[in-house]
Amino acid sequence: MSHSVYVLECGDGTYYTGYTNRLEERIEAHENGEGAKYTRGRGPFELVHRETYETKSEALSREHEIKNLTRAKKEELIESETEQ
């Protein structure tokens with residue numbers, strides 16, 4: 001089982017960072033208003049960044065790191081992935 005940390009760009013231009021071990025189902029939950037409280041009413045969503053880890057603790061640690069980044073640093077992270 002892989003553990004994913006992901007960043008969604010919300011319809012209002014904000015970013016949401018989350019953790020899951022079932023990414024497709026989790027994004028669908030966000031789209032249906034059943035995801036995190038923050039994302040309700042902020043769709044549609046675009047997956048703009050994803051990282052995969054072998055352990056839940058690694059993923060949760062990284063999720064915490066990303067959540068604490070400034071918006072500018074999150075944008076750098078997203079842009080660095082699209083350039084690859």
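Predicted model: local features only at pLDDT ≥ 70, side-chain atom pairs only at ≥ 80, totals over all residues.

1. A term is needed at the outset: a residue is called buried under 20% relative accessible area and exposed over 50%, with partly exposed in between. The face of helix 1 turned away from its buried side carries exposed residues in this sense, namely Glu24, Glu25 and Glu28.

2. As to the overall content, the protein has 3 helices and 3 strands. Read from the N terminus, its elements follow the order β-β-α-β-α-α.

3. The 3 strands make up an open sheet whose order is 2-1-3, with antiparallel pairing. Strand 2 (15-20) and strand 3 (46-53) are the edge strands, each of them pairing on one side only. From one strand to the next, the twist averages 20°.

4. Strand 1 (residues 3-9) and strand 2 run antiparallel and are joined by 6 bridges. Within this pair, Tyr16 in strand 2 stands opposite Leu8.

5. Helix 1 (residues 23-31) lies across strand 1, strand 2 and strand 3, and runs at about 35° to strand 1. Helix 2 (residues 56-67) also packs on the sheet, where it touches strand 1, strand 2 and strand 3. The direction of helix 2 makes about 170° with that of strand 2.

6. Which residues of helix 1 are buried? They are Leu23, Ile27, Ala29 and His30. These residues lie on the same side of helix 1, because the arc they cover around the axis is only 155°. In general, an α-helix has 3.6 residues a turn, so residues three or four places apart point the same way. The buried residues of helix 1 pack against strand 1, strand 2 and strand 3. Just after helix 1, Gly33 adopts a positive phi of about 80°.

7. Is it buried or exposed? His3 has a relative accessibility of 10%; the cut-off for buried is under 20%, and His3 therefore counts as buried. The side chain of His3 makes a polar contact of 2.7 Å with the side chain of Tyr19. Beyond its neighbours within four places in sequence, His3 is in contact with a number of residues, among them Thr20, Glu51, Tyr53 and Ala59. His3 and Gly18 are 15 residues apart in sequence, and their C-alpha atoms are 11 Å apart in space.

8. Thr39 is placed in the loop between helix 1 and strand 3. Its relative accessible area is 1%, and Thr39 is therefore buried. The side chain of Thr39 reaches the backbone oxygen of Ala36 at 2.9 Å. Not counting residues up to four places away in sequence, Thr39 touches Tyr16, His30 and Phe45.

9. The last point concerns the chain as a whole. For 84 residues, a compact globule would have a radius of gyration near 12 Å, and the 12 Å of the protein agrees with this. Along the principal axes, the C-alpha atoms fill a box of roughly 30 × 30 × 25 Å. Of the 84 residues, 37% count as buried. Among contacts between residues at least 6 apart in sequence, 58% join residues at least 24 apart.

Key
Residues numbered from 1 in each chain as written. Heavy atoms only, no water. Pairing = 2+ DSSP bridges. Helix = DSSP H or I, 4+ residues; strand = E, 2+ residues; numbered from the N terminus. Axes fitted to C-alpha atoms, helices over the stretch in contact; angles between N-to-C directions. Contact = heavy atoms within 4.5 Å. Buried < 20%, exposed > 50% of the residue type's maximum accessible area, 1.4 Å probe, protein only. Polar contact = N/O pair within 3.5 Å; in protein donor to acceptor, adjacent residues only side chain to side chain. Arc of directions from axis to C-beta. Rg over C-alpha atoms; globule rule 2.2 N^0.38 Å.
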